[in-house]
Amino acid sequence: MKLELRGITKRFGSLTANDHISLTVEPGEIHCILGENGAGKSTLMNVLYGLLPADEGEILLDDEVQHFEGPGEAMKAGIGMVHQHFMLIPVFTVAENVMLGHESTGFAGFLNLNEARKRVREISAQFGFDVDPDALIEDLPVGVQQRVEIIKALSRDAKVLVFDEPTAVLTPQETDELMTIMRQLRDAGTAIVFITHKLREVREVADRITVMRLGKVVGEASPTASNAELASLMVGRSVELTVQKQAARPGDPALQVRGLTVIDHIGQLVVNDVSFEVRAGEILAIAGVQGNGQTELTEALLGLQQHVEGEIELDGNPLSGLSVRNVLDAGVGFIPEDRNEDGLVAEFSIAENLMLDRSDSAPFVKGGTLQLGFRSTFAAEKVSEFDVRTQSIDTAVGTLSGGNQQKVVLARELSRDLRLLVAAQPTRGLDVGSIEFVHKRIVQARDSGIPVIVVSTELDEVDALADRIAVMYRGGIVGIVPGGTDRETLGIMMAGEQPDDPNGPAPDPHDDEGRSGTRGEAA
Amino acid sequence: MSDDSGAQASAAETGTEAAGSADVALETGSQVPPDDPNDNRWNDALRQILGGSFVISILAVVLALIVGAILIAVTDPGVQQAAGYFFSRPGDTFQAIWNVVSGAYSSLFQGAIYNFGRPTFSAGIRPFTDTLTYATPLIVAGLGVGLGFRTGLFNIGGQGQMLIAAAFCGWIGWSFDLPPVLHLIVAIVAGFVGGAIWAGIAGVLKARTGAHEVIVTIMLNWIAFYLISYLLRTPGALQEHGTNNPKSPAILPNAILPPLFGPQYQLHWGFVISIAATIVVWWLLERSSLGFKFRAVGENPNAARVAGISVKSVIIWALVISGGLVGLAAVDQVLGTTTGGFSSGIDAGIGFDAITVALLGRSRPIGIFVAGVLFGAFKAGGFLMQAANNIPIDIVLVVQSLIVLFIAAPPLVRAIFRLPTPGSKPRTKTPAPTATAEEATAK
Ligand SMILES: Nc1ncnc2c1ncn2[C@@H]1O[C@H](COP(=O)(O)OP(=O)(O)OP(=O)(O)O)[C@@H](O)[C@H]1O
Ligand SMILES: [Mg+2]
């Protein structure tokens, strides 16, 4: 089915999120939409899916004008959408979730569970998915959950499929699998809209590329364009894809972790006897496939985990056993991996979120009273410094685009007086321009003598930032290798095996200085 | 037409930004926000008011009154009689409906606001002061419950907290002989503390054990009820000397809240306390560090915890303050309106009405104040409506309940009145109500 958008305009108050956007997606085509954070990509897709009413313009399917009053009607017309945040019910099975969609479309009569199961199996077989119809959603890894979303869309015969940043939460392997699926769907004649910030993915699958900026279509790009060309088209200036940095000049060991063990709330050993140190002025990247204990490790550092054994020392003072408040006051900056869940209060304004972890003391609070004047000045400053695209500092954070939400978290943490920075997935959902900016800020923090831990599942990011790399697997550290270690070695380690190459896990990682500055071109 | 707009769209794309979009706005006559920022702000404000909660609250009240009118009409014997010969003389039925409904609502008004039957202004305005008297405890208790809502806590233990607070402030009120102003202040503080302790127990249980505050506060209601009933029957405890009735002694004059506008009105200084409490709670929630933490925990406890806010202590403090405010409602009752001694029914359902008041006021202090006055008016007017028109006071309860129902279902009210959904531009067609819910989850 051919999808055509004509002159779609969507305004939020005085902000024009979509300004007369016209776009055609042919059947059997993967159409990528590129654009910086807040360019209006998600808004456009929400209009297409009937979640938001357009102010102007029309949607055509096979040259017929459509009027969607809600997602139900969009689904019936053959549009499917895979959101970045899945809309599945965790305590239902796969089949039940797939069926639920049918019910909500008002499909005639009952659909019994057996039929839903059959449908799941059919579609799974067709595309080679490995999905058990009776598995509970909450037990499935994100990659599989996403497949359930795809099955859900396909089960009601979606002829146009929209993927809004589907890969932000996937492992590289899951991403590759998703792209294979997308190609299969395309070959079967589905029209696909694919939104992502990762240029590598764009170049790999896109048949056509449309670039958006500030709510407008600014042009088309060819899939053969280089990363740099795509990036500059998107942001409107040239972008440094790999941050330039000096060699680290590590000082004394600042953070020391010895024998750290974490047991989670259901009694599982999630971090197993981990020891490492981070020196002042160096970046230790923690690499690994999502779910190998990285999250719990960072949470333990911050005092968020209940059952922790072992020692954590920052500048010689123990951190273990302190309350979160005291850990923060000791100068630990924390960028949580899930900003919606742990980093922001969606209903709060930008200004309020910027003081979220400083609600106890000066300068934001004096004598128990909020210092609103100071807060406004501070927020205005940070909004412009971190280039948060917003109409005002009083805008609720929940209405910002994903990337701009992330910038608010970064602005809050990086503007504190830090003695340690723990950043989990700091650039998740950011556009290339913002990634450049954030990487620069993190390197800047390092150069000012702050020890930095960056947890990332993106090898590109690990590559760009790390002075040393600790690879985690099943709760343990497989090894710590110098920054710039090649991807094959890292890949082997991420699978839990020791690389046989002896130059890999260096006994004293600091003898390898100087390499990090020249990295980047190889990739 | 579609060709036309397509051409303009491309013109807008190629032209300079401002000029391009202004052109389109002029030619298509669409609702592009004007360039003048002032106008913009007014537009936004208007849309916020229309789409927002304020109008919904008012319309909920209006709708409830309309449904109440229908109920009054269909249950009235006169209307039923006239309806019996509707097809021969339909006018009679409408006349009867008009008579009973207008009679009922005019009594409601005269009982609550101004009685036109009285010769002087000072006598005529008396119903309004009664309204404020009834509103006084509803406002403070509503503030307490609303503060809980803002912290994400459902304090439905108002009854228990009021009973304990009544015992505290009453006991101070009749057993000690303190100098005038001091006695009153001590008694008021005791009432606050009593409510705070009782709600604080629920807070500690929730923070320490994770017990749900709804269950705990309900249980504490019963515990308080039987405890106070027992003490009121026990000589030497709360029972008045030389009587067998389960009733407390009268409050000593020094501990009584003095009348605000002289002895001919019931309205007492408790109303001033309610005004002050409204301001203090507003300050607490919007301007203080503690309130900031309350709201953070209420909206996203996970993010609050990661930001170093102790969720447990926030829960305890929020319930303590909430209970203290509810306790002030008991102070109004014991030291203000029923100073001759109280029984175990002293809470008069205020603890539960407060939930409605807080909901209607959207948990905002000013809103709660207005909602409290409205409910006070229903109470004051309801009595006259029953006495003068023989309409059961239950109708007032039905109207109150309907208000809650409509408040809880904004899409319903929006659909009935064809209001725009918040976050969208005004359109001719009403978007499906379900879209709003999905919009919210879409992000
Ligand atoms: N419900 C809303 N109310 C007000 N403004 C909104 C709303 N939704 C989006 N916006 C604004 O519209 C603009 C476009 O947002 P959108 O989410 O479409 O960006 P995006 O291109 O998807 O960005 P990202 O890559 O960061 O996800 C942003 O400036 C955002 O703040
Ligand atoms: Mg988006």
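## Exercises on a predicted two-chain model

A:Gln256 faces A:Glu313, a residue of strand 14 of chain A. The structure is a predicted model.

**Exercise 1.** Work out how strand 11 of chain A is paired on its two sides, and place it in its sheet.

*Solution.* 
Step 1. Take the side towards strand 14. Strand 11 and strand 14 of chain A are antiparallel and joined by seven bridges; the A:Gln256 and A:Glu313 positions stand opposite each other here.
Step 2. Take the other side. Strand 11 (residues 253-263) of chain A also runs antiparallel to strand 12 of chain A, again with seven bridges. A:Val262 has A:Val271 of strand 12 as its bridge partner, and A:Pro253 lies opposite A:Arg279 of that strand.
Step 3. The order is 12-11-14-15 in chain A, an open sheet of four strands with antiparallel pairing. Strand 12 (269-279) and strand 15 (317-318) of chain A pair on one side only, which puts them at the edges.

**Exercise 2.** Which strands of chain A does helix 9 of chain A lie across, and at what angle does it run to strand 12?

*Solution.* 
Step 1. Helix 9 of chain A covers residues 294-302.
Step 2. The strands it lies across are strand 11, strand 12 and strand 14 (307-314) of chain A.
Step 3. Its angle to strand 12 of chain A is about 65°.

**Exercise 3.** Describe the two domains of chain A and the contact they form.

*Solution.* 
Step 1. Domain 1 of chain A spans 3-235, while domain 2 of chain A is made of 240-328 + 453-523.
Step 2. Their centres, taken over C-alpha atoms, are 35 Å apart.
Step 3. Each of the two domains of chain A gives four residues to the contact. On the domain 1 side these are two nonpolar and two polar residues, with no charged ones.

**Exercise 4.** Characterise the packing of helix 9 of chain B on helix 10 of chain B.

*Solution.* 
Step 1. The axes of helix 9 (residues 158-175) and helix 10 (residues 180-209) of chain B come within 7 Å and cross at roughly 150°.
Step 2. Because this angle is over 145 degrees, helix 9 of chain B counts as roughly antiparallel to helix 10 of chain B.
Step 3. The crossing of these two chain B helices is right-handed.
Step 4. Contact residues of helix 9 of chain B include B:Ile164, B:Phe168 and B:Ile172, and those of helix 10 of chain B include B:Val186, B:Gly194 and B:Trp198. By class, the residues of this contact are 15 nonpolar, six polar and no charged.

Note on methods: Residues are numbered from 1 along each chain as its sequence is written. Chains are lettered from A and ligands numbered from 1 in the order in which they are written. This is a predicted model: local features need pLDDT of at least 70, side-chain atom pairs count only at pLDDT 80 or more; totals for chains, interfaces and linings use all residues. Two strands pair if DSSP finds at least two bridges between them. Two residues are in contact if their C-beta atoms, placed from the backbone, lie within 7 Å. Axes are lines fitted to C-alpha atoms, for helices over the stretch in contact, and angles run from 0 to 180 degrees between N-to-C directions. Domain bounds come from an automatic or database domain assignment. Ala, Val, Leu, Ile, Met, Phe, Trp, Tyr, Cys and Pro count as nonpolar, Asp, Glu, Lys and Arg as charged, and the others, Gly among them, as polar. Angles under 35 degrees count as roughly parallel, over 145 as roughly antiparallel, 65 to 115 as roughly perpendicular and the rest as oblique. A crossing is left-handed if the near helix is turned anticlockwise from the far one by less than a right angle, and right-handed if clockwise.
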